[in-house]
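Please walk me through this protein chain, from its overall fold down to a single residue on its surface.

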Amino acid sequence: TQALFAIYGSILLLGAYMGWKAGSKVSLIMGISSSLLIFFAVYLIAVNAAIGYILLVIISGLLSIVFLIRFIKTHKVMPTGMLLGVNVVAFLTSLNQLLNI
């Protein structure tokens with residue numbers, strides 16, 4: 001699952017770049033910040049799985065809420081709906097891993 005979450009962090013980093021290309025400095029800052037937190041959580045899983053998964057649950061849960069609000073406002077599937085789906089999958093996966101420790 002660590003590889004899955006590393007891919008998740010990479011997707012957020014790619015989203016930061018795409019947002020920046022579209023002219024959004026906020027997307028760049030938030031995307032980089034979020035991906036760095038995800039990569040840190042992946043590292044923490046190796047050190048202390050519970051803390052790493054708790055951090056992943058919090059980050060992916062908050063991002064799911066943010067993208068749900070954006071999706072409701074814009075009704076755009078790309079990129080908002082896609083990122084909402086990615087975050088919900090990451091949230092459910094990390095929550096499942098946390099509950100199975």
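This is a predicted model: local features need pLDDT of at least 70, side-chain atom pairs count only at pLDDT 80 or more; totals for chains, interfaces and linings use all residues.

Read from the N terminus, the order of elements is α-α-α-α.

Next, the overall dimensions. The C-alpha trace spans about 40 × 20 × 15 Å along its principal axes. The radius of gyration is 13 Å, which agrees with the value near 13 Å for a compact globule, because the chain has 101 residues.

Among contacts in the chain with a separation of 6 or more, 59% join residues 24 or more positions apart. Of the 101 residues, 34% count as buried, the cut-off being under 20% relative accessible area.

Now the surface. The chain has an accessible surface of about 6,100 Å². Carbon and sulfur atoms account for 76% of that surface.

Part of the surface is a nonpolar patch. Its members are Ile54, Ile58, Leu62, Ile65 and Ile69. Together they have about 460 Å² of accessible area.

Where is leucine 62 found? Leucine 62 lies in helix α3, which covers residues 49–74. Is leucine 62 buried or exposed? Its relative accessible area is 53%. Exposed means over 50%, so leucine 62 counts as exposed.

Definitions and conventions. Residues are numbered from 1 along each chain as its sequence is written. Side-chain values use heavy atoms; hydrogens and water are left out. Helices (H or I, at least four residues) and strands (E, at least two) are DSSP runs, numbered from the N terminus. The radius of gyration is taken over C-alpha atoms; the globule rule is 2.2 Å times the number of residues to the power 0.38. Buried means under 20% relative accessible area, exposed over 50%, partly exposed in between (1.4 Å probe, protein chains only). Contact means heavy atoms within 4.5 Å. Accessible areas come from the Shrake-Rupley method with a 1.4 Å probe; for residues, only the protein chains shown count as cover. Patches are made of residues with over 30% relative accessible area and no salt bridge: like charges are joined within 9 Å, nonpolar side chains (Val, Leu, Ile, Met, Phe, Trp, Tyr) within 5 Å. A salt bridge is a side-chain nitrogen of Lys or Arg within 4 Å of a carboxyl oxygen of Asp or Glu.
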